[in-house]
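Please prepare a short briefing on the model shown below.

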Amino acid sequence: MNVTVLDIEFEYNGTMQIINPVVLQDNDFLILVDAGYPKQRIQFEESAKQHGIQLEKLTHIILTHHDFDHIGSLAEFKRNYPSVKIVASEIEKEYIEKRKKPLRLQQAEKVYPSLLDKDKPKALIFHKILESIEEVKVDEIVTDHQLLPIGDGIEVIFTPGHTEGHISLYLKESKILISGDALFLDEQQLKIPHPEFAYDVEMAKASIKKLFNYEIDQIICYHGGLLKGNWKEAMSFEN
Ligand SMILES: [Zn+2]
């Protein structure tokens, strides 16, 4: 199985940002893990092409969770490639299909009354962005420890905390963990999500402890990219 980390670089709120979606490929499947901010499909395709991958052949999109920077271009992908199967946990499905209000929007609405008047217009723009994310039907539900039949197997690991139904993926053959947002990489330090962007911080920590049961050689963080070497030493929080 080929594992390719995409570098999607773009300007957001005046600063340059990079996200690192992953493409997994074997003879039968072409899988994209997470689908970016809104309006990034073409950039994804161009980035993949530089690695010799044609996203036109996409078979599945696996979503680690429903945040707008992970499902922002999902509807556009589905419109352009109608046969693509969308995969997520049962809990995240509720948000992706918009039966539940996005967690980030719930949090933003909660703090809105306490904001200074000068900050309120900007906050409302953020609310609008979150509200504008289109719902997409989830085709396949995955559960904790489920083994997906690609390469030597991809194990789904339920890693809630950042969101309620967050999943990470463990590639058995290469001992790579695709962490989604369960772990962030910042200057080679692994961090758990900031409490402001967490559903439940204690739950997030418990999820990381669960990862200690796995033999992990490399971690790919959606924010921060690839960490090689001893990931336990790169942890910057108390367990
Ligand atoms: Zn997130």
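How many of the 13 residues of H6 are buried? The number is zero, so H6 lies largely in the open; a residue is called buried if 20 or more other C-beta atoms lie within 10 Å of its own, exposed if 12 or fewer, and partly exposed in between, with C-beta atoms placed from the backbone. This is a predicted model, in which local features need pLDDT of at least 70 and side-chain atom pairs count only at pLDDT 80 or more, while totals for chains, interfaces and linings use all residues. Residues are numbered from 1 along each chain as its sequence is written.

**Overall fold**

- The protein has seven helices and 16 strands; helices (H or I, at least four residues) and strands (E, at least two) are DSSP runs, numbered from the N terminus.
- With a radius of gyration of 17 Å, close to the 18 Å that the globule rule gives for 239 residues, the protein is as compact as a globular protein of that length. The radius is taken over C-alpha atoms, and the rule is 2.2 Å times the number of residues to the power 0.38.
- The C-alpha trace spans about 55 × 45 × 30 Å along its principal axes.
- Of contacts between residues at least 6 apart in sequence, 65% join residues at least 24 apart; a contact requires C-beta atoms, placed from the backbone, within 7 Å.

**Helix H6**

- H6 covers residues 120-132 and reaches 18 Å from its first C-alpha to its last, close to the 18 Å expected at 1.5 Å a residue. The expected span is 1.5 Å times one less than the number of residues.

**Core**

- Buried residues account for 36% of the 239 residues.
- The largest nonpolar core holds 53 residues, of which Ile-61 and Leu-183 touch the most other members. Such a core is a set of buried Ala, Val, Leu, Ile, Met, Phe, Trp, Tyr and Cys residues joined through C-beta atoms within 7 Å.
- Beyond its neighbours within four places in sequence, Leu-183 is in contact with Leu-190, Lys-191, Ile-192, Ile-208, Ile-219 and Cys-221.

**Six-stranded sheet**

- An open sheet of six strands runs in the order E1-E4-E5-E6-E7-E8, with mixed pairing; two strands pair if DSSP finds at least two bridges between them.
- Strands E1 (2-5) and E8 (140-142) stand at the edges with a single partner strand each, so one side of each has no neighbour in the sheet.
- E4 (residues 22-25) and E5 (residues 30-33) pair in the antiparallel sense over four bridges, and Gln-25 stands opposite Leu-30 in E5.

**Loop residues with positive phi**

- Most residues other than glycine have a negative phi.
- Lys-175, not a glycine, has a positive phi of about 55°. Lys-175 sits in the loop between strands E11 (167-171) and E12 (176-180) and is exposed, with 12 other C-beta atoms within 10 Å.
- Glu-187, also not a glycine, has a positive phi of about 50°. Glu-187 is in the loop between strands E13 (184-186) and E14 (189-191) and counts as exposed, with 8 C-beta neighbours inside 10 Å.

**Val-156**

- Val-156 lies in strand E10 (residues 154-158) and is partly exposed, with 19 other C-beta atoms within 10 Å.
- Val-156 and Ile-178 are 22 residues apart in sequence and 9.9 Å apart in space, C-alpha to C-alpha.

Technical notes:
Two residues are in contact if their C-beta atoms, placed from the backbone, lie within 7 Å.
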